[in-house]
Amino acid sequence: MAEVINMPRLSDTMEEGTVATWLKSVGDKVEEGDILAEIETDKATMEFESFNEGVLLHIGIEEGQTAKVDTLLAIIGEEGEDISGLLNGDASAKEEETSTSDSSDSEDNAEATAEDDTQEDTSSDVPEGVIVVTMPRLSDTMEEGTVATWLKSVGDMVEEGDILAEIETDKATMEFESFQSGTLLHIGINEGETAKVDALLAIIGPEGTDVSGVIKSGGAPAKSAPKKEEKKEEKKEAPKASKENTTSAPKAAAPAKATTTTSTNGGRIFVSPLAKKIAEEKGINLAQVKGTGENGRIVKSDVENFTPSTGGSVQQFVATGEESFEEIENSQMRKAIARGLGKSKFTAPHYYLNVEFNMENMMSFRKQFNTQPDTKVSFNDMIIKATSIALKQHPQVNSQWFDDKMRLNHHVHIGVAVAVPDGLVVPVVEFANEKSLQQINAEVKTLAGKARDKKLTIPEMEGSTFTISNLGMFGITDFTSIINQPNSAILSVGAIVEKPVVKNGQLVVGHTMKLTLACDHRTVDGATGAQFLQTLKTYIENPVLMLA
């Protein structure tokens, strides 16, 4: 079904946008994550990416044209799809708007006068030069955000381009930069608090300005009253909106304000807000961390690389017979995981196929393979490779379910479940069947490291056609997983276990591994899943075939 894409609101004050450049033409194939166009807002020229897949069927705003937010920008759908109804609907809306605006002159004049009065009253609510900053929509599915860290404090000077805060969405933790310069007069959402998109986030303006009226009104309207006789200067280069999932410190030109805390021996500890937050999450005593930043300041890398002493962690004392608990607010990631897994479990009819494979040949193969210089692949890398080759022969298992269709994928993108302190993320190894074991090893290491550092970008977590979850390193022998929708299946990998096995009629010591394939019965029948596991068995028990 065709999707209508409207002119997005790319900044808190944006009312209209100009299409600077189209990077796709009508008839072009569009993948999720592709840049559709560069759109010029009132603050910057930003890349606008597609959250849909299909063919670009219609462009509603040509290059150089300006249109209001929510105006029809483009239509994406299936090749040859009839979109006349959508176009006629848009035309009807325009005609209705035109007919309304062409009513009697006297009525227009009366409305205009009333509107002018309203605008005059509204502008008086916001003092001159003051900017109201609202919670931004940093992803297509974001409905609310949590302020992870404020990098500025009330009273601090803010320059255009400074990072104001790190905001946790349902997909990632992102830096949010200021498009204004001035003094941070008010913070509307404190660290750790969650608020809906467009809620009052902060107020920036001239130092000493009274903004109590703006705070009382909840931040509405989200515009500043224009300064008298102020001319807007055009910038030669406007910064692009940051969409990376990163928690790095702000640019050197605008360092984050250091947070000061007091240690047990009375000395002062200088620590960045982000480092302090990570330390709190990991239960690290900052007094034991050596700072490598300016003047001994503790930064993010110091906390992440900190190894606690061998004395063991100190647990909170709880008296015998005393009830004790702590409550932890659900993070945006945890909420997103709950929504996604709940939807998958209760909408997809799961069933499970259990197998046990002989691992003797794979263990020998890995030992020989890793004798090569600068080579060390894991069992997980080999399972990813074997699975991806098997999936090429069974596209039904490599499929995806949508409400109106089933998609059989002929490319193989393997999602690899990675546990992080706040939940679970699934970075994607694209075209896994086409990559060597060494390439898979290097890519998985890089993605897993980014996941633990909260530096995965959204494109690195999208587009999987099949998922693998491995808990073997924790000694788990077998388990079941919930399908990562819209995928049709997920493979759960257990530990390699030494146990008695029958070989040539004799009881001998062997090594086996249990795997469980969870399937969506809407797309994968039992026989289909079983046939896939038979093919997978061939590659896992004869790993030399993976090199063919």
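User: Let's start with E6 and E8. How many bridges join strand E6 to strand E8?

Analyst: Keep in mind that this is a predicted model. Strand E6 covers residues 54-59 and strand E8 covers residues 72-77, and the two run antiparallel. The number of bridges joining them is four.

User: Which residue in E8 does histidine 58 stand opposite?

Analyst: E8 is antiparallel to E6, the strand made of residues 54-59. Across from histidine 58, the residue in E8 is isoleucine 75.

User: Which residue in E4 stands opposite valine 19?

Analyst: Four bridges join E2 to strand E4, residues 35-40, and the two run antiparallel. Opposite valine 19, E4 places isoleucine 39.

User: Staying in E2, does threonine 18 count as buried or exposed?

Analyst: Threonine 18 lies in strand E2, residues 16-22. Leaving out residues up to four places away in sequence, threonine 18 touches Met7, Glu38, Ile39, Glu40, Gly64, Gln65 and Thr66. Its relative accessibility is 17%, and the cut-off is under 20%, so threonine 18 counts as buried.

User: And threonine 173: how far apart in space are threonine 173 and glycine 145?

Analyst: Threonine 173 belongs to strand E13, residues 173-177. At 10% relative accessibility, threonine 173 counts as buried. In sequence, threonine 173 and glycine 145 are 28 residues apart, while C-alpha to C-alpha the spacing is 9.5 Å.

User: On to the helices. At what angle do H8 and H9 pack?

Analyst: Helix H8 spans residues 379-393 and helix H9 spans residues 437-452. H8 passes H9 in a right-handed crossing. Their axes are 9 Å apart, and the packing angle is about 120°.

User: How many charged residues does the contact of H8 with H9 have?

Analyst: On the H8 side, Asp381, Met382, Ile384 and Lys385 meet Leu437, Ile440, Asn441 and Val444 in H9. By class, that contact has five nonpolar residues and one polar residue, and its charged residues number two.

User: How are H8 and H10 oriented to each other, oblique or roughly antiparallel?

Analyst: The axes of H8 and helix H10 (residues 526-541) come within 9 Å, with a crossing of roughly 140°. This crossing is right-handed. Roughly antiparallel would need an angle over 145 degrees, so H8 and H10 are oblique.

User: Last one: how many nonpolar residues does the contact of H8 with H10 have?

Analyst: H8 brings Ala386, Thr387, Ile389, Ala390, Leu391 and Gln393, which meet Phe532, Thr535, Leu536, Tyr539 and Ile540 in H10. Sorted by class, this contact has no charged residues and three polar ones, and the nonpolar count is eight.

Methods:
Residues are numbered from 1 along each chain as its sequence is written. This is a predicted model: local features need pLDDT of at least 70, side-chain atom pairs count only at pLDDT 80 or more; totals for chains, interfaces and linings use all residues. Side-chain values use heavy atoms; hydrogens and water are left out. Axes are lines fitted to C-alpha atoms, for helices over the stretch in contact, and angles run from 0 to 180 degrees between N-to-C directions. A crossing is left-handed if the near helix is turned anticlockwise from the far one by less than a right angle, and right-handed if clockwise. Contact means heavy atoms within 4.5 Å. Ala, Val, Leu, Ile, Met, Phe, Trp, Tyr, Cys and Pro count as nonpolar, Asp, Glu, Lys and Arg as charged, and the others, Gly among them, as polar. Angles under 35 degrees count as roughly parallel, over 145 as roughly antiparallel, 65 to 115 as roughly perpendicular and the rest as oblique. Buried means under 20% relative accessible area, exposed over 50%, partly exposed in between (1.4 Å probe, protein chains only). Two strands pair if DSSP finds at least two bridges between them.
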